[in-house]
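Visitor: Could you walk me through this one? I'd like to learn how to read it feature by feature.

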Amino acid sequence: MKRALITGITGQDGSYLTELLLAKGYEVHGVIRRSSSFNTGRIDHLYCDPHVRGSRLFLHFGDLADSVQMIQLVYELQPDEIYHLGAQSHVRVSFDIPEYTGDVTGLSAVRILEALRKAGRDRKTRFYQASSSEMFGRVQEVPQTESTPFWPRSPYGCAKVYAFWLTVNYREAYGVHASNGILFNHESPRRGETFVTRKITRAATRIKLGLENSLYLGNLDAKRDWGFAGDYVEAMWRMLQQDEPDDYVIATNETHSVREFCEEAFSLLDLDWQDYVKHDTRYERPSEVDLLIGNPAKARRVLGWEPRVHFKDLVKLMIDEDLKLAMRELAMAQASDSLTPLPPHAAPVAPDAPPAKARRPSRRQPARGGTRR
Ligand code: NAP
Ligand code: G4F
């Protein structure tokens, strides 16, 4: 049975990759960080008690800033494949915490690659680095390919460029089977809620049900090549099954603006996005990546990989799932309203009163922490 170690297993991609590897018969080990709140929501459906015979998913505490634990895990587990997905992955936030981003998103790659060497696994364990189209930044070519020069525009992009070249260097210097997947933006109903696509689909569906009434966004002109995360983890796996390691662009070769994403998402709910979307400069970046569109021809030719979900289907998939989530939230808000006794001075709520929005503070008002995203 093949054994894989995944950093970032609790993230969007980690959860889809775990599903894929378990379905292929792997034993999967994941690194999770200690948190004061639960952070395993995306993989809870896959986890079962490790004491149960036949369990194939195991979780280990660790932090990408801690090389001792990474060395220990590689030494103990002797994995056949490592998928290094863990990162501070938010571009806007990387401007607020550039040093931390450099450490966790950039230096973590060298921690793991060195762990392979220290554990004598450099010629035995295959390594996947989660590289990013953000490295192309101010794009030097349209569409972008594996040979397009990098020009990163954020601390996150700079950290990913470092990790990219480190991966190439360990391949050339030590013969590690190390590959970079240069993945363009990929989304899903499991996408973090502060990335723009999920922020839009969450807000649009909650607006539809009256749970909130506006959505604040930054730059609507930016264009991205958006694919589906479930398709993209398949490409990661295929890279590590090749005889030779290499670097691959993974993209749909289609680009759309944030404005177009809004139009599509709201129109699926019979809403006009312009009635709800407002501008807030706090969501803009000091330097922006204006246009990304990738050419995945090499991945198609060598890996036999094709994206199956395209823009409109992706938006619909996310809207459909977030609508179900918003319906559950509405039902919970209504149930808790009916359980909470009204304060003596409050007027009784008329039966035809609008749903929770008028009576409960919205969870997505701009006051929500005011954090930049
Ligand atoms: P994500 O949802 O943000 O997941 C990031 C993962 O990294 C989470 O499991 C997170 O743990 C973990 N992590 C963060 N800091 C850590 C630390 N100090 N120690 C240990 N674990 C830590 O990201 P994603 O969308 O799945 O992306 C996966 C990878 O692909 C990332 O490296 C990202 O930069 C890269 N990438 C993503 C895209 C995209 O469009 N999604 C495109 C290109 C490249 P918690 O759950 O505890 O936060
Ligand atoms: O959804 P985003 O935050 O994704 P971004 O910056 O492209 O980064 C994502 O994709 C990269 C691959 O290219 C990954 F490496 C990275 O880890 C991450 O997964 O923003 C997309 C666009 C940007 O141009 C941003 O300025 O949407 C624009 N935007 C407009 N308003 C916003 C907002 N982005 C966010 N997060 N929030 C807004 O309110």
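Visitor: How do the residues of the shell around ligand 2 divide into nonpolar, polar and charged?

Guide: First, the ground rules. This is a predicted model, where local features need pLDDT of at least 70, side-chain atom pairs count only at pLDDT 80 or more, and totals for chains, interfaces and linings use all residues. Residues are numbered from 1 along each chain as its sequence is written, while chains are lettered from A and ligands numbered from 1 in the order in which they are written. Ala, Val, Leu, Ile, Met, Phe, Trp, Tyr, Cys and Pro count as nonpolar, Asp, Glu, Lys and Arg as charged, and the others, Gly among them, as polar. Here the shell has ten nonpolar, seven polar and seven charged residues.

Visitor: Which residues are the closest to ligand 2?

Guide: A residue is near if its C-beta atom, placed from the backbone, lies within 6 Å. Of the 24 residues around ligand 2, the closest are Val91, Ser132, Gly218, Ala222 and Tyr283.

Visitor: What order do the strands of the open sheet have?

Guide: Helices (H or I, at least four residues) and strands (E, at least two) are DSSP runs, numbered from the N terminus; strands pair if DSSP finds at least two bridges between them. The seven strands run β3-β2-β1-β4-β5-β6-β11, with parallel pairing. β3 and β11 each have a single partner strand, so one side of each lacks a neighbour in the sheet. Within it, β1 and β4 pair over four bridges, and Leu5 stands opposite Ile82 in β4.

Visitor: What follows α5?

Guide: Gly175, with a positive phi near 75°.
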